[in-house]
Amino acid sequence: MQFNDDEEPPPPPTKAPVPARPWRLVRLSKYHSSDAPLTPNVQEVLLELKCVSPATYRAPLDLVAVIDVSYSMIGERLKQAQDALMFIIRKLTDMDRISVVAFEGKATRLCPLRRVTEAARADLEALVRRLEVGITGTNIKDGLQTALRVVAERRSAAGRAANIMLMSDGEQNVGGDAREVDPGDVPVHTYGFGASHDSSVLQSIAGRSLGGVYNFVSDTTNTTNLSQTFSQILADLVTIVPQDLELAITAFHGEATVQHVHAGAYQQVQVPIPAGGGGSSATVVVRFGSLYSAEVRRVIVELALGASHPRRANVAEARYKFTFQGQQVASDPMVITMNRSGRAPDPADESIKPPQVQTEHVRQRHVGWIREAKEKADQRKMEDAWSVLAEALNKLAEAAKKLADPMLDVLRNELLKLLELFRTWDSYVNGGQAFAAAAISSHDQQRISARGDADKIRIFATPRMDTYLEQAKQPDGEIKSADQDTMDEPEPEPEPEPEPAVGKWRTLSVFLRMLTAVLSLLAFSIMASARTSGWAGDSYARYMTYAVGVNVIVSFYSIAQAFVETRRLISPRLRTTSCYCISLVLDQVLAYLLMSASSAAASRIHLRAYGFAMDRWFRGKINTAVWFSFLGFLALAAHSLISMANLFSRI
């Protein structure tokens, strides 16, 4: 059967929101030590990618929901699965499409990818309510393969975010091993419902996909637990903005090499040096897939620096690219610079590293401890596993004394719960194993994952997830669509644009403005006070008037600009490109006029002094004023260079 019968998506709106600078939908930040020794050493750099775009720019979603309807799902479990699907259907909008696949001994696609319009919503809800359990086994592999075919054979795929949500409550016993299936670049989010499911299979399926996470859903008396867990992934899927996100790290040849990139489970590709590479070494590319609104990805890059002489060195650069509305968007490179000196501290000293780097180190070691404890527990070495977690808790407490980060409290709660579940073999099998698997999946992908309950351990949660969690807890309450949720959310504050390199010299800018104002004020004050009698002095008046007028204008202009720059020092704010353009033009025009006035005044006073009678007192004042005016010209000309750099770095 061919699955190329997906419903045609709606045409894009004629007034679809398009950002002026799409690369700024994602922000790249860096954290590292500013100084490095002259001898060979290894420096760690934390690179952080954050989606700072509102959900207004989200990609339309193609979701395939794969539901286990084997006999173990009979009764309350099937009803909870139906309620969870109903929540999803009511959240999606007419720009989104959904297909439902049910599996037992074999998989059946219940409907093609359909737009979730008002008319289709009623049909989809009726289809979900008609779900019934079967008796022929649990074929997870066929369910996954069917969902992947639905995605692969779509007629309309451009610009659309395809995702799969797969839920099962049992062990696969028909059709082979689902872990052999390669999901490719399609994220597969898996849900293990109850204590009898095989967490290793579902964790492996999610881990092989790009950005998929495994969720553990405990079978409790809470009838909305599955809906709450589904709501957390759904909250992300309806806020996907950048797709095919990649981060490239390039070390400069002769300065450093990329020794290792700690990026969890995300795929890394090393790109060889191209012919004529311009002094760069091999590039390491990390593939993240999609990124949700307000979501963050952090990687630690180990740079091996060679020997150097004292200087400020550019050691590496980082840049990212992604797909937005079907178009590829690329950022400018962010250069990583370090001061090489003999007085630099030892890079092995953890305390000198930025707190962001230290916190990420703690989190990465934390998931390493959980992985080690799980491996020991799987071998029935429960005492050893418990000891690993207890030691991890002690080390986390030591780190918490030095770092004030809320994440450390969440990590502590996670370890305390694991210690409880790892106490005996029975408690491990009935919840601890799945809890640990979900924790590892969450940390590896840096995405939220349920560890039994959706509202307990909430690492990597976004604001939209918090909203959906509360709505899922109230099944009888009003369920708004994703678009309505977007409209109800407060407009995010605009992210500050990165300041130009020269624009960061605000203190120097204020100083030059004030210096220009003071010198021009002195120049026109001295000129205005100079008086002489006789027709020689009177004939000089027109040059004095020109010079005095220009100095007055320059003085007031510089005072106004100094006030603006001082305000920006106290309360940083952005200036538009037009502001920088106006500042550059006025700086250059007034600098020319000031130089012209000074030259005219200086040359004419020299001629008059030799050709006509002019007293020395008058000449001395004019010469002093001309010098002040000339120095003011130099200060204004220097600031025009700053204005030029600010403008050219903007356009």
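Trainee: How many residues does helix α8 have, and how far does α8 reach from its first C-alpha to its last?

Mentor: Before that, note that this is a predicted model, in which local features need pLDDT of at least 70 and side-chain atom pairs count only at pLDDT 80 or more, while totals for chains, interfaces and linings use all residues. Residues are numbered from 1 along each chain as its sequence is written, and side-chain values use heavy atoms, with hydrogens and water left out. Helix α8 covers residues 406-421, which is 16 residues, and reaches 24 Å from its first C-alpha to its last, close to the 22 Å expected at 1.5 Å a residue. That expected span is 1.5 Å times one less than the number of residues in the helix, and helices (H or I, at least four residues) and strands (E, at least two) are DSSP runs numbered from the N terminus.

Trainee: And which residues of α8 are buried?

Mentor: They are M407, L408, L411, E414, L415, L418, L419 and L421, where buried means under 20% relative accessible area, exposed means over 50%, and partly exposed is in between, with a 1.4 Å probe and protein chains only. Seen down the axis of α8, these buried residues fall within an arc of 160°, so they line one face of the helix. The arc is that of the directions from the helix axis to the C-beta atoms.

Trainee: What covers those buried residues of α8?

Mentor: The cover includes α6 (355-378), α7 (382-402), α9 (425-445) and β19 (451-452), judged by contact, which means heavy atoms within 4.5 Å.

Trainee: What does D405 do at the start of α8?

Mentor: A side-chain oxygen of D405 reaches to within 2.9 Å of the backbone nitrogen of M407.

Trainee: Switching topic, how many cavities of 30 Å³ or more does the structure hold?

Mentor: It holds two. A cavity is found on a 1 Å grid over the protein atoms alone, as a set of points where a 1.4 Å probe fits but cannot get out, and its lining residues have an atom within 4 Å of a point. Grid points are joined across faces, edges and corners, and the volume is the space filled by probe spheres set on the points.

Trainee: What lines the second largest cavity?

Mentor: The second largest cavity has about 40 Å³ of space, and its lining is made of N215, T229, Q232, I233, I448, S449, A450 and A454. Helix α5 (residues 225-237) gives the largest share of that lining, three residues.

Trainee: Is α5 itself mostly covered or mostly open, and how many of its residues are buried?

Mentor: Mostly covered, since 13 of the 13 residues in α5 are buried. Helix α5 reaches 19 Å from its first C-alpha to its last, close to the 18 Å expected at 1.5 Å a residue.

Trainee: What about T220, where is that?

Mentor: T220 is found in the loop between β10 (214-217) and α5, and at 33% relative accessibility T220 counts as partly exposed. T220 and G452 are 232 residues apart in sequence, yet 9.2 Å apart in space, C-alpha to C-alpha.

Trainee: Which residues does the side chain of R287 make polar contacts with?

Mentor: R287 lies in strand β14 (residues 280-289), and at 19% relative accessibility R287 counts as buried. The side chain of R287 makes a polar contact with the side chain of D185 at 3.0 Å, and another polar contact, of 2.7 Å, joins the side chains of R287 and Q267. A polar contact is a pair of N or O atoms within 3.5 Å; within protein, one must be able to donate a hydrogen and the other to accept it, and residues adjacent in sequence count only if both atoms are side-chain atoms.

Trainee: What is the phi of R380, and is R380 buried or exposed?

Mentor: R380 has a positive phi of about 65° although it is not a glycine. R380 is found in the loop between α6 and α7, and R380 is exposed, with a relative accessible area of 56%. F460 also has a positive phi, of about 70°, although it is not a glycine, but F460 is buried, with a relative accessible area of 14%.

Key. On a 1 Å grid over the protein atoms alone, a cavity is a set of points where a 1.4 Å probe fits but cannot get out, and a pocket is an open set with protein on both sides within 12 Å along at least five of seven lines; lining residues have an atom within 4 Å of a point.
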